[in-house]
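Hi,

Here is the structure I promised to pass on. Have a look at it first, and then read my notes below.

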Amino acid sequence: MKRFRLGRLCGVISLTVMMAGTAMAQEAVNAGQGAVLRALDKLNAKVDDLTVANGAHASSGRIDVSVRECRYPAGNPAGDAFAYITIREVGIVEPVFSGWMIASSPALNSMNHPRYDVWVLRCTTS
């Protein structure tokens, strides 16, 4: 009986510590007006910088990139931006990529495409 109570107590303490650590690890962020993205066509080495407003889209070659939202650390618009983007290729129904992409770590959640590469540079603030 005592083992069960001790185990339960340890579980509660562990859960409390994990929740406190998660709350402390969160950083305050601001929402940007859109994002600046860089698109690379690996076939012909063409690079395009695309400025895309939240809710809008832009094209580069045979891909269309839309930005749902861009966020950056509070008080630091030049800081580590992260954006939720969706990338579609002309003629293909399913998105090539859909998710959050982080400016400082584009390989963390990257687009896997044989011809194109896209990554976030920063958020726009105006």
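A quick term before anything else: pLDDT is the predictor's confidence in each residue, on a scale from 0 to 100. You'll need it because this is a predicted model. For the protein chain the mean pLDDT comes out at 82, and 80% of the residues reach 70 or more.

Now the layout. The chain has 1 helix and 8 strands, and if you read along the sequence you get α-β-β-β-β-β-β-β-β. Among contacts with a separation of 6 or more, 45% link residues 24 or more positions apart.

What about the inside? Of the 126 residues in the chain, 29% are buried. The largest nonpolar core has 23 residues, and Leu37, Ile85, Ile87, Val118 and Val120 are the ones that touch the most other members. At least two core residues come from each of strand 2 (34–41), strand 3 (46–53), strand 5 (63–73), strand 6 (82–89), strand 7 (97–102) and strand 8 (116–124). Strand 5 gives the most, with 5 residues.

Leaving out residues up to four places away in sequence, Val118 touches Leu37, Arg38, Ala39, Ile63, Ile85, Ile87, Met101 and Met111.

Cheers

Note on methods: Residues numbered from 1 in each chain as written. Predicted model: local features only at pLDDT ≥ 70, side-chain atom pairs only at ≥ 80, totals over all residues. Heavy atoms only, no water. Core = buried A, V, L, I, M, F, W, Y, C linked by side-chain atoms within 4.5 Å. Buried < 20%, exposed > 50% of the residue type's maximum accessible area, 1.4 Å probe, protein only. Helix = DSSP H or I, 4+ residues; strand = E, 2+ residues; numbered from the N terminus. Contact = heavy atoms within 4.5 Å.
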